[in-house]
Amino acid sequence: MKIAVASDHRGFSTKSKILTLLNQLGHVAYDYGPEDGECVDYPDYAAKVAKAIGDKTIDRGILICGTGMGMCIVANKFPGVRATPCHDDITAQMSRLHNDSNVLCLSADLLGDRLVNRMVEIWLKEEFEGGRHARRLEKLNKVEEETMHPHEEA
């Protein structure tokens, strides 16, 4: 699987560890920045990954900032992105099973390395359950289409 990983300065160290883990698990990992731990603005890096998801350049993305929330907000502004902030095994699992999440958003400040690694592994192995959840995702796609391309009033 092709996976893009990006962070802000607070997530830089965690990003490096996740890139190593992804390579160990046999995935093709892409570092979408930043290149060092200097202060940066998270929207710049979340947008890079979200665009690549929308363009289908990559299969999935992982974003890391202080809480994971800022990155998630930015990523979900892009068509085709279903970014989910996860904080434990269950949220990582359910984000895939029920929501077909394609971007995992993580907190660098609130989660330990072992938990992050376990969540990444769970999130990567889980498959979308489909069924009633597929119907709901279709509705989500319709909402996205309507808000991205609203019908013009006559």
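Visitor: Which residues touch the most other members of the largest nonpolar core?

Guide: Please bear in mind that this is a predicted model. The largest nonpolar core has 22 residues, and those touching the most other members are L63, V81, A83 and V103. Two or more residues each come from β1 (2-7), α2 (42-54), β3 (60-65), α3 (69-75) and β5 (103-107). With seven residues, α2 gives the most. Another core, of 20 residues, lies apart from it; I18, L21, I62 and V116 are among its members.

Visitor: Why is β5 described as largely enclosed by the rest of the structure?

Guide: A residue is buried when its relative accessible area is under 20%. Five of the five residues of β5 are buried, so the strand is largely enclosed by the rest of the structure. V103, C105 and S107 point one way from β5, while L104 and L106 point the other way. In a regular strand, side chains alternate between the two faces of the sheet.

Visitor: How do you know that β3 and β5 pair, and in what sense?

Guide: Strands pair if there are at least two bridges between them. β3 and β5 have five bridges, in the parallel sense, and therefore they meet the definition of pairing. I62 has L104 of β5 as its bridge partner. Strand β4 (residues 83-85) also pairs with β5 in the parallel sense, over three bridges, and there A83 stands opposite V103. From β4 the chain crosses through helix α4 (residues 89-97) to β5, a β-α-β crossover that is right-handed.

Visitor: Where does UniProt place the feature "active site"?

Guide: The unreviewed UniProt entry places this feature at C65 and H98. The two positions span 34 residues in sequence and their C-alpha atoms are 24.2 Å apart, so they do not all gather at one spot.

Visitor: What makes C65 count as buried or exposed?

Guide: The cut-off for buried is under 20%. C65 has 3% relative accessibility and therefore counts as buried. C65 lies in strand β3. Leaving aside neighbours within four places in sequence, C65 is in contact with residues including D8, G70, L106 and S107.

Visitor: Why is H98 called partly exposed?

Guide: The relative accessible area of H98 is 22%, so H98 is partly exposed. H98 is found in the loop between α4 and β5. Not counting residues up to four places away in sequence, H98 touches F128, E129, R132 and H133.

Technical notes
Residues are numbered from 1 along each chain as its sequence is written. This is a predicted model: local features need pLDDT of at least 70, side-chain atom pairs count only at pLDDT 80 or more; totals for chains, interfaces and linings use all residues. Side-chain values use heavy atoms; hydrogens and water are left out. A nonpolar core is a set of buried Ala, Val, Leu, Ile, Met, Phe, Trp, Tyr and Cys residues joined through side-chain atoms within 4.5 Å. Buried means under 20% relative accessible area, exposed over 50%, partly exposed in between (1.4 Å probe, protein chains only). Helices (H or I, at least four residues) and strands (E, at least two) are DSSP runs, numbered from the N terminus. A crossover is right-handed if, with the strands pointing away from the viewer, the path from the first strand over the helix to the second runs clockwise. UniProt positions are given in the numbering used here, feature names are shortened, and annotations may be inferred rather than shown by experiment. Contact means heavy atoms within 4.5 Å.
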